[in-house]
Amino acid sequence: MGTRIQKEMTTPADGMLRMPITLQTSFVFVRPHYPENVGALARAMKVMGLTRLAIVKPGRIATPSHEMAQRMAVKSLDVLNGATLHADLASALGDAGLVLGTTARRGISGVFQPREAAREAARAVREGLDVAFVFGNEKTGLSEEDRALCRSLVRMFATWRCTVC
């Protein structure tokens, strides 16, 4: 491991490895419908060392405090309970210098593949920018208005039977 990288990585008392990419990356979930998915996202984030979760206009029950969200957030309640709630996507994005929206839709041009998006995010972090990955509603994805706030889109692969693909 190079000297530069060693200086940028720390492991605090909670055992989480802290690197610029994990400290400067947030996940934003727009209009989630199911509380289980809110909890599952918190769990997936924690596994990757990410802790910054923002939720925009959650459905009536898709809140971090819902029992099913709490159950799904196995060993990641700190991420779930630390989530910020927002009335609109613009406020959730804050000062993010790179905003990558996710899509499974076909027919949209100029969409990054996941590895390309990861390279772009790493480059942005090296430049000192915060990065936000934006996920849309489970049923409808991101609206056209939401996609307009994203610098680029990332195609997230889903089963061919996916209704929003």
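Two strands pair if DSSP finds at least two bridges between them. Helices (H or I, at least four residues) and strands (E, at least two) are themselves DSSP runs, numbered from the N terminus. With that in hand, β4 and β5 pair in the parallel sense over 4 bridges.

A quick note before the views: this is a predicted model, where local features need pLDDT of at least 70 and side-chain atom pairs count only at pLDDT 80 or more, while totals for chains, interfaces and linings use all residues. Residues are numbered from 1 along each chain as its sequence is written, and side-chain values use heavy atoms, with hydrogens and water left out.

**View 1. The whole chain, element by element.**
The protein chain has 8 helices and 6 strands.

**View 2. Strand β1 and its two partners.**
How many residues of β1 are buried? The count is 6 of the 6, so β1 is largely enclosed by the rest of the structure. Both faces are covered, with T25, F27 and F29 on one side and S26, V28 and V30 on the other. β1 pairs with β2 in the parallel sense over 5 bridges, and β1 and β5 also pair in the parallel sense over 5 bridges. Follow V28 both ways: in β2 its bridge partner is A54, and in β5 V28 stands opposite V134. V30 stands opposite V56 in β2, while F29 stands opposite F135 in β5.

**View 3. Strand β5 and its aromatic rings.**
β5 is mostly covered, with 4 of its 5 residues buried. F133 in this strand is the bridge partner of L100. Now look at the rings. Rings of Phe, Tyr and Trp (its six-membered ring) pair if their centres lie within 6.5 Å; planes under 30 degrees apart count as stacked, over 60 as edge-to-face and the rest as tilted. By this rule the count comes to 2 aromatic pairs. In one of them, F27 and F135 are tilted, at 5.1 Å centre to centre and 45° between the planes. F27 lies in strand β1 (residues 25-30) and F135 in strand β5 (residues 131-135), so the pair ties together parts that are 108 residues apart in sequence. F27, F133 and F135 form one aromatic cluster.

**View 4. Inside the nonpolar cores.**
A nonpolar core is a set of buried Ala, Val, Leu, Ile, Met, Phe, Trp, Tyr and Cys residues joined through side-chain atoms within 4.5 Å. The largest one has 24 residues, and F27, V38, M45, L53 and V131 touch the most other members. Elements giving two or more residues to this core include β1, α3 (35-47), β2 (52-56) and α7 (114-126). A second, separate core of 14 residues includes V28, L89, V99 and V134. Zoom in on L53: leaving out residues up to four places away in sequence, L53 touches F27, L41, A42, M45, V79, G82, A83 and T84. F27 is buried, at 9% relative accessibility.

**View 5. Two loop residues.**
N137 sits in the loop between β5 and α8 (144-148). Is N137 buried or exposed? N137 is buried, with a relative accessible area of 12%. N137 and P32 are 105 residues apart in sequence and 4.9 Å apart in space, C-alpha to C-alpha. S109, in the loop between β4 and α7, counts as exposed at 69% relative accessibility.

Conventions:
Buried means under 20% relative accessible area, exposed over 50%, partly exposed in between (1.4 Å probe, protein chains only). Contact means heavy atoms within 4.5 Å.
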